[in-house]
Amino acid sequence: MSPKVIERPLGTVPAPRLKSRGTPWRERFFRLSLWASLAVGVVFLATLLVYVVTQGWSRLDSRLWMNFPDIIDPTNAGAQSAIAGTIWVIAFTALYSLPTGILAAIYLEEYAQPDRWYNRVIEINIQNLAAVPSIVYGILGLGIISRGLGFGQTVLTAALTLSLLVLPVVIISSREAIRAVPQSIRQASLALGATQWQTIWRQVLPAAIPGMATGSILALSRAMGEAAPLLLIGGLTFITYNPTGVESAFSVLPIQIFNWISQSRAEFTALASAAIVILLALLLAMNSLAIWLRNRYSRRW
């Protein structure tokens, strides 16, 4: 019986067999290093949260957000003025920084000509200001806003100082969100007869909302946790009333926590830990809102 001959069409070459090789040891080592770094961060964060909640569990009740601070009787002391001051300061920080940052990002991405020297100077300064320590903004707020403009130790001074702090972050994140919108969207809108502003307002900005909202909320979350610039401009460490306007004196949660943690009695340590839990809850709520906005309005091109 003659052997079976496999006929192949002329001009075809059998595909070579690839030898299966395992994952290189360098890739395995790099992946293991990534997992180890993630584990270290998660473990330290979990340890900090457990410690703070354990320390402040006895004061996580309505007294914390219903009562005002009390340096004599810490068992009835609360942080109502600090919570209200935080809301006031962050609300006006958002009112001042978000429109300014978004409009600046629109100009730099849609109108500015990169070959102009002053546009390059603006971009370099924005990138440098994003890395400036917060205490420098506190010095600026103290020297120019508080004393130079005569606003004093008020909610307005704190909001303007924090606005300067987060403004570079808002501009950079908004520019990245606008830049992520495909150029074909702009070209199609312009080809249909829309003006440049109509294209930006009706096409570019709605598509860039998820990235802009995420970056803005994360920037405000950073401002909510800042204490150094507010301490420098004279934020009060003890205040027994809520702000009633932009010209009112203020205190915020980071300053109140700093005041309580510097006390010697153990009751104030429990108060500081409970206030940290409240601050973390507010930050988590803002970050959750950013994630929801990103997932709700995100588009895939």
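**A helix crossing and its surroundings**

Glu123 sits in helix 4. Keep in mind that the model is predicted. Glu123 is partly exposed, because its relative accessible area is 24%, and buried would need a value under 20%. Leave aside neighbours within four places in sequence, and Glu123 is in contact with Leu108 and Arg175. With Arg175 there is also a polar contact, side chain to side chain, at 3.3 Å. Glu123 and Ile172 are 49 residues apart along the chain, yet their C-alpha atoms are separated by 9.4 Å.

Now step back to the two helices. Helix 4 covers residues 117-129, and its axis comes within 8 Å of the axis of helix 6. The two axes cross at roughly 120°. The crossing is left-handed. On the helix 4 side, the residues that meet helix 6 are Glu123, Ile126, Gln127 and Leu129. Helix 6 answers with Pro168, Ile171, Ile172 and Arg175.

Helix 6 also has a part in the largest nonpolar core. This core has 41 residues. Ala79, Val89, Leu230, Phe250, Leu253 and Trp260 touch the most other members. Helices 3, 5, 6, 8, 10 and 11 each supply at least two of its residues. Helix 11 gives the largest share, eleven residues. Apart from this core lies another one, also of eleven residues, including Ile106 and Met212. In soluble globular proteins, nonpolar side chains tend to be buried together.

Beyond its neighbours within four places in sequence, Val89 is in contact with Val155, Ala158, Ala159, Leu162, Phe250 and Val252.

Helix 10 is worth a look too. Seven of its nine residues are buried, so helix 10 is largely enclosed by the rest of the structure. The buried ones are Leu253, Pro254, Ile255, Gln256, Ile257, Asn259 and Trp260. What covers them? The cover includes helix 3, helix 8, helix 9 and helix 11.

Two serines come next. Ser216 lies in helix 8. Ser216 counts as buried because its relative accessibility is 6%. A polar atom of the Ser216 side chain lies 2.8 Å from the backbone oxygen of Met212. Not counting residues up to four places away in sequence, Ser216 touches Leu98, Val170 and Ser173.

The other serine, Ser273, lies in helix 11. Ser273 is buried as well, with a relative accessible area of 5%. With residues up to four places away in sequence left out, Ser273 touches Val52, Gln55 and Gly56.

Last, the aromatic rings. Across the whole structure there are four aromatic pairs. One of them joins Trp88 and Phe92: the ring centres are 5.8 Å apart and the planes lie at 20°, so this pair is stacked. Trp88 and Phe92 are four residues apart in helix 3, so about one helical turn separates them. Trp88 is partly exposed, with a relative accessible area of 26%. Ring pairs link Trp88, Phe92 and Tyr96 into a cluster.

Notes
Residues are numbered from 1 along each chain as its sequence is written. This is a predicted model: local features need pLDDT of at least 70, side-chain atom pairs count only at pLDDT 80 or more; totals for chains, interfaces and linings use all residues. Side-chain values use heavy atoms; hydrogens and water are left out. A nonpolar core is a set of buried Ala, Val, Leu, Ile, Met, Phe, Trp, Tyr and Cys residues joined through side-chain atoms within 4.5 Å. Buried means under 20% relative accessible area, exposed over 50%, partly exposed in between (1.4 Å probe, protein chains only). Contact means heavy atoms within 4.5 Å. A polar contact is a pair of N or O atoms within 3.5 Å; within protein, one must be able to donate a hydrogen and the other to accept it, and residues adjacent in sequence count only if both atoms are side-chain atoms. Rings of Phe, Tyr and Trp (its six-membered ring) pair if their centres lie within 6.5 Å; planes under 30 degrees apart count as stacked, over 60 as edge-to-face and the rest as tilted. Axes are lines fitted to C-alpha atoms, for helices over the stretch in contact, and angles run from 0 to 180 degrees between N-to-C directions. A crossing is left-handed if the near helix is turned anticlockwise from the far one by less than a right angle, and right-handed if clockwise.
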